[in-house]
Amino acid sequence: MNNPQYRQRAIQLREELSDDYFLLWIWDEALGAAGKAGQFYDVRALASLKDAQNAGKIPKLFKPISIYDNQGGRIGFMIKKVGEGTAALSKLRAGDLLELIGPAGNGFPIFQGKRILLVSGGIGYPPLWYLQKELINHNQVYWMHGGARQGDVFPCDEIWTEDGSIGRHGRVCGGMRENIAKYDVNLIYSCGPMPMLASAAEISQELGIEHYVSLESYMACGIGVCHGCAVPIGSKDDWDYHRVCKEGPVFKAEEVRWELL
Amino acid sequence: MGTAINELCKKRPNASELLHSKLGVLELKTPLTVASGTFDLENLEFFDPACLGAFVCKTITRLPKKGNPPPRLYETEAGLLNSIGLQNPGLDAFIAEKLPVYREQLRMPLIVSVSGSSIAEFAEMIEKLEACAGISGYEINISCPNVENEGIAFGVSSEIVYQLVHRLSALTQRELCIKLSPNVSDIAEIARAAEAGKASSIALINSIYGMAIDYRTGKSRIKKGVAGYTGIGIKPVALALTHKAAEAVKIPILAMGGIYTWQDALEFIWAGASAIALGTANFINPLAAPELIMGLGEFLLERQLSISEIRGKVVI
């Protein structure tokens, strides 16, 4: 299964997390075997295509959603309701059909024997949940997660909120240096909003620590065809636009040309 | 749905006959192809390629092109804005790396889409491609709205279109399809110029100019500001221009612009199209191609009509 596949699969289970967040679970052994931490699917509620076609309305694009969990054919997506596409997904119940294209993208590289810091912000949490399961048996892992408010935080080792409603008060990157020193970190993975990732990249670069970021981007095809999701990747003097959906979404933090984004 | 055309042919033996179409020098098994830059081999994982009559690749330029800064995409109320800027690896890399893969994997005519910044550059590219096997035709992209001083700079002047096509038609016996811009004052004049230069077909429309702004901040949704607008919202524009061009020239028209369904395809055939292409629809519905062919085939079978019988017969 080299290229992403198109499937329609029934939702097996739906779980509520907090106000805007929910989980959808599907079952597919072949897709499950193909998926890796850091990869994603282009996802859409089948009803939103069919309803649009039947009502003469305008059907919308798929949305890229990273794999939250993947074990023995049980694949989970943790989704935040932000726009029209995810609002349609939020209405889905067990038994409803999901359209999926994937697994897409490169995924995180997996190491052993490292002292790892995971840094996530908001809806950057889900891919790191799958990642920590892959890392936890062979590495030392410390996970910091930040959100705007209480409803944006999830299980991890250290919580930050911007409004101070729970955990440490401020932005999650504010605690990075302290934890890097405390746990003698030699590998970082991060996922979250672009400004957060840029800050995290600045810190890792200054300290010379290997760092992989998972980027989010607006996508049309989600399979490497349209080049719409491209970001500048390379060295300061020699870079090119790489597709988040194909060469990414995981890139080395030092290779992302943050100053051009 | 994966084998739409086979199913159709099993049900009714003359389905393939009714769907047969001609685009210039090319015999097409179905009138359906894809718009440059919206479809690649990855999409062929989703359905039986026999649905397609031809394959049009992403536009190639002589030198590699980085493309435009992001954000490059925005989905509007009725269609998509894009500002890719013809990002591509350049002609030499295309010939060395991509073409052999197409040759090996495609079981249909390959149309190579090219863009250039001068008549000489277009000619140089065609000469190089003429030396390569496995190419059935060229789409001459003189209408990309997202690059300056090339593409669209040619497409808006009938005199330059004539000179360019006249030069290129002398270089090849392969299909020579000129992709026209909708962003012109008189499409008929440009289409006639392409025909006079001995183009074997024309393709229209490329994307129209579009823009989107965040009302809260005043910030453009697309980094470069003005972008190319495609999808369902441009269908009436594309239909009108197909109709106008079809009245102006005898060479066949490959029509595109907001085609999502078989009903859309039929509208364009009535307007004068010999073939149609799916563009933005490929992003919206991965099975748009087989669904279109199935629906179109059943419509034609039911009425025992062929494409050539209804082409251009719009009732006004």
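Residues are numbered from 1 along each chain as its sequence is written, and chains are lettered from A and ligands numbered from 1 in the order in which they are written. Because the model is predicted, local features need pLDDT of at least 70 and side-chain atom pairs count only at pLDDT 80 or more, while totals for chains, interfaces and linings use all residues.

Chain A contains six helices and 17 strands; helices (H or I, at least four residues) and strands (E, at least two) are DSSP runs, numbered from the N terminus. Its C-alpha atoms fill a box of roughly 55 × 45 × 35 Å along the principal axes. The radius of gyration is taken over C-alpha atoms, and the globule rule is 2.2 Å times the number of residues to the power 0.38. For 261 residues a compact globule would have a radius near 18 Å, and chain A agrees, with 18 Å. Of the 261 residues in chain A, 47% are buried. A residue is buried if 20 or more other C-beta atoms lie within 10 Å of its own, exposed if 12 or fewer, and partly exposed in between, with C-beta atoms placed from the backbone. Two residues are in contact if their C-beta atoms, placed in that way, lie within 7 Å. Among contacts in chain A between residues at least 6 apart in sequence, 63% join residues at least 24 apart.

Several strands of chain A can be followed in detail. Strands of a sheet pair through backbone hydrogen bonds, either parallel or antiparallel; here two strands pair if DSSP finds at least two bridges between them. Strand S2 (residues 13-18) and strand S3 (residues 21-27) of chain A are antiparallel, with five bridges. They form a hairpin with two residues between them, and A:Leu13 stands opposite A:Trp25 in S3(A). Strand S4 (residues 40-45) of chain A also pairs in the antiparallel sense, with S5(A), over four bridges. A:Ser66 in S5(A) is the bridge partner of A:Phe40. In a regular strand the side chains alternate between the two faces of the sheet. In strand S5 (residues 63-66) of chain A, A:Lys63 and A:Ile65 point one way and A:Pro64 and A:Ser66 the other way, and all are buried.

An open sheet of seven strands in chain A has mixed pairing and the order S12-S11-S10-S9-S13-S14-S17. Its edge strands, S12 (168-169) and S17 (250-252) of chain A, each pair on one side only. Within the sheet, strand S9 (residues 115-121) and strand S13 (residues 187-191) of chain A run parallel and are joined by five bridges. A:Val119 stands opposite A:Ser190 in S13(A).

Where does chain A touch chain B? The two chains meet through 24 residues of chain A and 27 residues of chain B. On the chain A side, the elements giving two or more residues are strand S1 (5-10), strand S15 (230-234) and strand S16 (239-243). The residues of that side divide into 17 nonpolar, five polar and two charged, where Ala, Val, Leu, Ile, Met, Phe, Trp, Tyr, Cys and Pro count as nonpolar, Asp, Glu, Lys and Arg as charged, and the others, Gly among them, as polar.

Chain B has twelve helices and 14 strands. Its radius of gyration is 18 Å, close to the 20 Å that the globule rule gives for 316 residues, so chain B is as compact as a globular protein of that length. Buried residues make up 56% of chain B.

Helix H9 (residues 262-271) of chain B has eight of its ten residues buried, so it is largely enclosed by the rest of the structure. Among the buried residues are B:Trp262, B:Leu266 and B:Phe268. Their cover includes helix H8 (235-248) and helix H11 (288-303) of chain B. B:Gly272, with a positive phi near 130 degrees, follows H9(B).

In H3(B), B:Leu91, B:Phe94 and B:Leu99 are buried, and the buried residues of H3(B) pack against helix H4 (119-130) of chain B.

B:Gly155 lies in helix H5 (residues 152-155) of chain B. B:Gly155 counts as buried because it has 27 C-beta neighbours inside 10 Å. Beyond its neighbours within four places in sequence, B:Gly155 has contacts that include B:Ile142, B:Val161 and B:Leu180.
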